[in-house]
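Here is a short tour for anyone meeting this structure for the first time. Have a look at the sequence and the model, then read on.

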Amino acid sequence: MKQNEKVVIFSAPSGAGKTTIVKHLLSVNNQLSFSISVCSRAKRNIESNDKDYYFLSVEEFTSKIAANEFIEWEEVYEDNFYGTLKSEVQRIWKAGKVIVFDVDVIGGLNLKKYFGDKALSVFVKAPSIEELENRLRNRKTETEATLQTRLGKAKKEMEYAKDFDVILVNDNPEISSKEAERIIDSFLNQ
């Protein structure tokens, strides 16, 4: 298998720290390129279009579904669609890079199924549900209602950890990032 045909999938419940780990990997390994997901939710203050996500309206998103432009997509929360465009994968592979996905758990499983042996799937897990709640509260981006929704979803998502190739417990972001480097290097050198 050619190096640039490989993909690395990071999935986790909200607040587990997958994005922190992915950003670290992208900063230390120039073979990797981030796959920008598409979403229909509102952009957060710290996010930018075409860098963190491609932000679309619900109507724009559903028209891309109808045009079969996604590898995978799902409605994560009501009217909050997320997905991976086929064109995004082609863009990165054309550049000769290894794709890194930062996606929710169901998206990660769907990508693993789609890419098969070309993919390494990593489930990032917080040390406990209490720690996950603390991290989400410290973000200060959630209302109490959305926080409770995310925690309920996280508990269900934890059940899928066993379906991933690797489970990475993110107790300490620095140590977990180094462990992720080791895991990725091993996969890329196979």
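## A buried aspartate in a loop

D104 sits in the loop that links β7 and α4 (105–115); helices (H or I, at least four residues) and strands (E, at least two) are DSSP runs, numbered from the N terminus. This is a predicted model, where local features need pLDDT of at least 70 and side-chain atom pairs count only at pLDDT 80 or more, while totals for chains, interfaces and linings use all residues. Residues are numbered from 1 along each chain as its sequence is written, and side-chain values use heavy atoms, with hydrogens and water left out.

Is D104 buried or exposed? It counts as buried, because its relative accessibility is 16% (buried means under 20% relative accessible area, exposed over 50%, partly exposed in between, with a 1.4 Å probe and protein chains only). Leaving aside residues up to four places away in sequence, D104 touches S11, A12, K18, E74, V76, K153 and E157, where a contact means heavy atoms within 4.5 Å. A polar atom of the D104 side chain also lies 3.2 Å from the backbone nitrogen of G107. That is a polar contact: a pair of N or O atoms within 3.5 Å, where, within protein, one must be able to donate a hydrogen and the other to accept it, and residues adjacent in sequence count only if both atoms are side-chain atoms. As for F55, it is 49 residues from D104 in sequence and 16 Å away in space, C-alpha to C-alpha.

## Helix α7

Now for helix α7, which covers residues 173–188. Its 16 residues reach 22 Å from first C-alpha to last, close to the 22 Å expected at 1.5 Å a residue (the expected span is 1.5 Å times one less than the number of residues). At the start of α7, a side-chain oxygen of N172 comes to within 2.9 Å of the backbone nitrogen of E174.

Which residues of α7 are buried? They are S176, S177, A180, E181, I183, I184, F187 and L188. Together, the buried residues of α7 pack against β1 (7–11), α1 (18–28), β2 (32–34), β7 (98–103), β8 (119–125) and β9 (166–169). Take S177 as a case: its relative accessible area is 5%, so it is buried. Not counting residues up to four places away in sequence, S177 touches I21, H24 and L25.

## Two loop residues with positive phi

Most residues other than glycine have a negative phi. D50, in the loop between β3 (37–39) and β4 (53–55), has a positive phi of about 70° although it is not a glycine. D79 has a positive phi too, of about 65°, and its place is the loop between β5 (70–77) and β6 (80–85). With 41% relative accessibility, D79 counts as partly exposed.

## The whole chain

Stepping back, the protein chain has seven helices and nine strands. Its radius of gyration is 16 Å, close to the 16 Å that the globule rule gives for 190 residues, so the chain is as compact as a globular protein of that length (the radius is taken over C-alpha atoms, and the rule is 2.2 Å times the number of residues to the power 0.38). The C-alpha atoms fill a box of roughly 45 × 40 × 30 Å along the principal axes, and 47% of the 190 residues count as buried.

Among contacts between residues at least 6 apart in sequence, 67% join residues at least 24 apart.
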